[in-house]
Amino acid sequence: MTTSVLTEVISKERLHEIYATEYYWYLKSEPFINAFLRPIAEEVNKRGDSCLDMCCGEGQLAPFVKGRYLGVDSSTTAIQLAMVKHGHTRDRQFLVDNLTGYARRWHNPPQFDTIVFGSVF
């Protein structure tokens, strides 16, 4: 059985090391983009005009989503890279947090048409 390093509780320092070493290089490859990101984005775009991308990493899905996009990841490094690569606007935002923290943050949380859990990649 294969496990991802993100399936375990790891320190923020370790997450920084992971992103600094291009551990997730395959997420940027054309085969991955064509096999996963484009089809997922197509489904997201069919379902409405907003997407919450949990465990978004560097926001690889962001450029393919046509509507409002919020990417959430517990890695400060990954979110900083996402903001540099994809911008940070009213309709495309990135946030350092995790699912539990994000859920507790809002009394009336924003609604999204689609939620994607990026750690499945």
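Glu22 follows helix H1 and has a positive phi, near 60°. This is a predicted model.

**Helix H1**

- H1 covers residues 12-20, and its buried residues are Leu15, Ile18 and Tyr19.
- Those buried residues fall within an arc of 90° when seen down the axis of H1, so they line one face of the helix.
- An α-helix has 3.6 residues a turn, so residues three or four places apart point the same way.
- Glu13 and Ala20 are exposed, on the other side of H1.
- Strand S2 (68-73) and helix H3 (76-86) are among the elements that cover the buried residues of H1.

**Strand pairs**

- Strand S1 (residues 50-54) runs parallel to S4, and four bridges join them.
- Opposite Leu52 in this pairing is Ile115 of S4.
- S2 pairs with S3 (residues 92-96) in the parallel sense, over five bridges.
- Tyr69 has Arg92 in S3 as its bridge partner.

**Helix H3 and its strands**

- A right-handed β-α-β unit is made by S2, H3 and S3.

Conventions
Residues are numbered from 1 along each chain as its sequence is written. This is a predicted model: local features need pLDDT of at least 70, side-chain atom pairs count only at pLDDT 80 or more; totals for chains, interfaces and linings use all residues. Side-chain values use heavy atoms; hydrogens and water are left out. Buried means under 20% relative accessible area, exposed over 50%, partly exposed in between (1.4 Å probe, protein chains only). Helices (H or I, at least four residues) and strands (E, at least two) are DSSP runs, numbered from the N terminus. The arc is that of the directions from the helix axis to the C-beta atoms. Contact means heavy atoms within 4.5 Å. Two strands pair if DSSP finds at least two bridges between them. A crossover is right-handed if, with the strands pointing away from the viewer, the path from the first strand over the helix to the second runs clockwise.
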